[in-house]
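Subject: Structure handover

Hi,

Here is the structure I promised to pass on. Have a look at it first, then read my notes below.

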Amino acid sequence: MSTLLITHAACLDHDPGAYHPESPARLKAVLEGLSDSEFKDVERVAAPRAEDRHLTLCHPVSYVEAVMGTIPPAGRHALDGDTIVCPGSGEAALRAAGAVVAAVDAVMTGKAKNVFCAVRPPGHHAEAGQAMGFCIFNNVAIGALHARANHGLDRVAVIDFDVHHGNGTQHMFERDPNLFYASSHQWPLYPGTGAAEERGLGNIVNLPLRPYSGGEEFRRGFERVILPALDKFRPELVMISAGFDAHADDPLASLQLHEDDYAWVTSALLEVAETHAKGRLVSTLEGGYDLRALAASAAAHVRALKAA
Ligand SMILES: [Zn+2]
């Protein structure tokens, strides 16, 4: 068993516009970073489309139909202030969610030990009935609920180290004690949720970090707050919302992390997966907007996954 990379060329066809930070060039940079010979043993698999039965684990049918109905035959359409769709966006969104579903299948059937889904659009800001913050479907939450609905798991954890709080995932998880969501994020920052006091039923853990916190503060927060809570939850599957926009070079935030911080947190989460979840871990790309930092950080992340 090894590490799998699930991606799809259709995810490059979601193009929100020339000046939009969530660009196809991001995914190109990630895949280029993972094309080095050191990753030649990482098998690449094409993402299937998510089916309606997967999407509706998290989103009402009416939302899925409304979103797919707004995909324009040409030009662009805004789902919210910064979530823009073009003709290729529907297929990209279905493949992004489908990648995570396939990744869960792969770790649950023993085809892979862990998986990195290199996909876009990202998902963690997507609410049940509202596209938001570059996100259309909540890819990771869909995968988590798929693991429970179709693989018989009880407890699934999502850890989100994107620099922004994953409001959508938190809201989808906060009333279910067998789902766990922990997020480290810059505070204050978009979307404005994720205060330490937001605890759900005790299954939500927020680690707001001040601008310029840096790697030491980030690691201490994980060691003191997130990892102990996660250990206590005893997840049967560990999922990661892997945004790399907390990197020092990222233009959207200023948390000042570096590649070695991403390698560190990945290894720490792999350890939890090994202890409680037979090593099963599914990671999915969220944000990250400096192309060089994004590629290097994703490479550090997958290098750590591979070493598990
Ligand atoms: Zn982000």
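**Helix packing**

Helices α7 (residues 214–233) and α8 pack at an angle of about 10 degrees, and their axes are 11 Å apart. Before I go on: this is a predicted model, where local features need pLDDT of at least 70, side-chain atom pairs count only at pLDDT 80 or more, and totals for chains, interfaces and linings use all residues. Residues are numbered from 1 along each chain as its sequence is written, and side-chain values use heavy atoms, with hydrogens and water left out.

A few conventions for the helices. Helices (H or I, at least four residues) and strands (E, at least two) are DSSP runs, numbered from the N terminus. Axes are lines fitted to C-alpha atoms, for helices over the stretch in contact, and angles run from 0 to 180 degrees between N-to-C directions. Angles under 35 degrees count as roughly parallel, over 145 as roughly antiparallel, 65 to 115 as roughly perpendicular, and the rest as oblique.

α7 and α8 are therefore roughly parallel to each other. α8 passes α9 in a right-handed crossing.

α9 (residues 291–306) has another packing partner in α1 (residues 24–33), with an angle of about 45 degrees and axes 8 Å apart. That makes α1 and α9 oblique to each other, and α1 passes α9 in a right-handed crossing.

D162 is buried at 1% relative accessibility, and H164 is buried at 8%. Buried means under 20% relative accessible area, exposed over 50%, and partly exposed in between (1.4 Å probe, protein chains only).

Most residues other than glycine have a negative phi, and most peptide bonds are trans. Here are the exceptions I noted.

The peptide bond from W187 to P188 is cis, with omega near 0 degrees. A cis bond also joins Y190 and P191, where omega is about 5 degrees. P188 sits in the loop between β7 (179–186) and β8 (204–209), and P191 is found in the loop between β7 and β8 as well.

As for phi, F134 has a positive value near 75 degrees without being a glycine. F134 is in the loop between β5 and α5 (139–151) and is buried, at 13% relative accessibility. R234, not a glycine either, has a positive phi of about 55 degrees. R234 lies in the loop between α7 and β9 (237–242) and is partly exposed, with a relative accessible area of 45%.

**Loop residues to look at**

K113 is in the loop between α4 (89–108) and β5 (114–118). Is K113 buried or exposed? With a relative accessible area of 19%, K113 is buried. The K113 side chain makes a polar contact with the side chain of E274, at 3.2 Å. A polar contact is a pair of N or O atoms within 3.5 Å; within protein, one must be able to donate a hydrogen and the other to accept it, and residues adjacent in sequence count only if both atoms are side-chain atoms.

P72 lies in the loop between α3 (61–70) and β3 (77–80) and is buried at 11% relative accessibility. P72 and V85 are 13 residues apart in sequence and 7.5 Å apart in space, C-alpha to C-alpha.

Cheers

Terms used: A crossing is left-handed if the near helix is turned anticlockwise from the far one by less than a right angle, and right-handed if clockwise.
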